[in-house]
Amino acid sequence: MIEKRLYIKTYGCQMNMYDSGRMADILKPLGYSLIETPEGADLVILNTCHIREKADEKVYSDLGRIRPYKDDKMVLAVAGCVAQAEGAEIMRRAPYVDLVFGPQTYHRLPEMIARAHRSQDKKSGPGRGILDVEFPLESKFDHLPQEHTGVGPSAFLAIQEGCDKFCTFCVVPYTRGAEYSRPVQAIYEEASRLVDCGVKEITLLGQNVNAYHGVLGANECGLGKLMEHLSSIKGLERLRYMTSHPRDMDEELMIAHRDVPQVMPFLHLPIQSGSNQILETMNRKHTREHYLKIIEKLRTYRPDIALSSDFIVGFPGETDQDFEDTLNLVSEIGYAQAYSFKYSPRLGTPGAVMDNQVPEDVKSDRLERLQDLLNVQQQTFNELSVGKTLPVLLDRKGKKEGQLLGKTPYLQSVYVESSPRLFGECVNVTIEKAFANSVTGTILTQESVLK
Ligand code: 5AD
Ligand code: SF4
């Protein structure tokens, strides 16, 4: 088999990272192995994100940067959510792109590449590109290979995809399509294969992961039950999941945080805004009070749970008071970490055509104030771990020689000095110093706490 070089650039969320990994898995049997730069690649895939304005602008500038490397041999592909949303526009603006395909059709990559080569051979010039942005009847998951290449100690596994909620700011229901849950058995098998490859921590992914619904035996199986089922896989030490919606936070899932030791004490539960008025215009279909009640209940099951959220500032109609309500919600909850964004109107979503769009300078000002508060909370959370000894899964190489990077149960990044042989192990670390985005500590025992 002829060796071929594959360069994939991934933008955006963890789901895209998962998809990129699966694309590499599909292409491996065809002789493709990953390289770090587009130069000299036989196939370049830009796996794009459409969630906010800046994310899709980057794609066009990256295409321009890759163009000089493109020779007759190179197949240049744009995948992901920008491809899904504006595939025809990409082909018009960048006619040198060979393939454009969405998140639901990448299982057809081998066939698309063969077609791209055939049309390159014909040298038919601009307009020869192949566009596949269908929502096919078959699920791509049924056509993905069983092998996983290049997985480390911590891996992603997509269990659910798409969204039926239609928040008025969001493109996901249009780019990823309707909500779909994979069968329990397929997930169990994929998780087992990952563990066989040395994976110790799995993050279950979905745009609405806690809307997961499958069948186990004769019973319905939600996310809580699914995680309990997966916890029987020997060698699987940690389970996480993201992203959840407050409306799908059922009691069974909360109880899993108490009763299933593998389920980590961390929850990313976006609220977006602390104002009921804005939540309503965002079509979130729940109130601030509902969210606070979930958190309160969850803390009764798992008092140490670390919380995270997404926030949007400057959604149409957001007043100073609405924004203050977001700030006081943040103060009331106390987040371990969170993401916050300026509202970015997305074409085709209801928010983009709403009256009362908020001026850019007001958005910037609010974002800064919110991020200042969230940064203080994150630093405080990290400081509270100083002096504690926590199990840390060493899952990445550190920046310096002799250093490894790991994660606490609360998803904090931990830098430790360590022998490389502990890579992939879970060790007890005494936390010594706290920073804004990480902590440092010393390994207590040079033995894995899991053995
Ligand atoms: N503008 C700004 N932020 C957005 N998000 C989604 N759509 C938009 C938008 N149009 C944010 C939300 C979501 C996260 C993944 O991205 O906070 O939870
Ligand atoms: Fe987008 Fe809302 Fe669906 Fe999340 S729940 S993917 S924010 S539409």
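Q: What does contact mean, and which residues does T281 touch?
A: Contact means heavy atoms within 4.5 Å. Leaving out residues up to four places away in sequence, T281 touches T168, F315 and M354.

Q: What kind of model is this, and how are its parts numbered?
A: This is a predicted model: local features need pLDDT of at least 70, side-chain atom pairs count only at pLDDT 80 or more, and totals for chains, interfaces and linings use all residues. Residues are numbered from 1 along each chain as its sequence is written, chains are lettered from A and ligands numbered from 1 in the order in which they are written, and side-chain values use heavy atoms, with hydrogens and water left out.

Q: Where does T281 sit, and how exposed is T281?
A: Buried means under 20% relative accessible area, exposed over 50%, and partly exposed in between (1.4 Å probe, protein chains only). T281 has 27% relative accessibility, so T281 counts as partly exposed. T281 belongs to helix α9, residues 276-281. From T281 to L405 it is 124 residues in sequence and 42 Å in space, C-alpha to C-alpha.

Q: How many helices and strands does the protein have?
A: Helices (H or I, at least four residues) and strands (E, at least two) are DSSP runs, numbered from the N terminus. The protein has 12 helices and 21 strands. Its radius of gyration is 23 Å, close to the 22 Å of the globule rule for 451 residues, so the protein is as compact as a globular protein of that length. That radius is taken over C-alpha atoms, and the rule is 2.2 Å times the number of residues to the power 0.38. Along the principal axes, the C-alpha trace spans about 65 × 60 × 50 Å.

Q: How much of the protein is buried, and what share of the contacts join residues at least 24 apart?
A: Of the 451 residues, 55% are buried. Take the contacts between residues at least 6 apart in sequence: 72% of them join residues at least 24 apart.

Q: Which domains are there?
A: The bounds come from an automatic or database domain assignment. That assignment gives domain 1 (4-132), domain 2 (152-264) and domain 3 (389-443). The centres of domain 1 and domain 3, over C-alpha atoms, are 35 Å apart.

Q: Where is P145, and which residues does P145 touch?
A: P145 is in the loop between β6 (130-132) and β7 (154-158). Not counting residues up to four places away in sequence, P145 touches R22, D25 and I26.

Q: Which residues surround ligand 2?
A: A residue is near a molecule if one of its heavy atoms lies within 4 Å of it. Around ligand 2 are C163, K165, F166, C167, F169, C170, V172, P173, N208, H245 and R284. By class, this shell has seven nonpolar, two polar and two charged residues.

Q: What should I look for in phi and in peptide bonds?
A: Most residues other than glycine have a negative phi, and most peptide bonds are trans. F166 has a positive phi of about 55°. F166 lies in the loop between β8 (160-161) and α5 (172-175), and is partly exposed at 38% relative accessible area. N283 also has a positive phi, near 60°. N283 lies in the loop between α9 and α10 (288-301), and is partly exposed at 23%. The peptide bond from M242 to T243 is cis, with omega near 5°. T243 is in the loop between β13 (238-242) and α8 (251-259).

Methods
Ala, Val, Leu, Ile, Met, Phe, Trp, Tyr, Cys and Pro count as nonpolar, Asp, Glu, Lys and Arg as charged, and the others, Gly among them, as polar.
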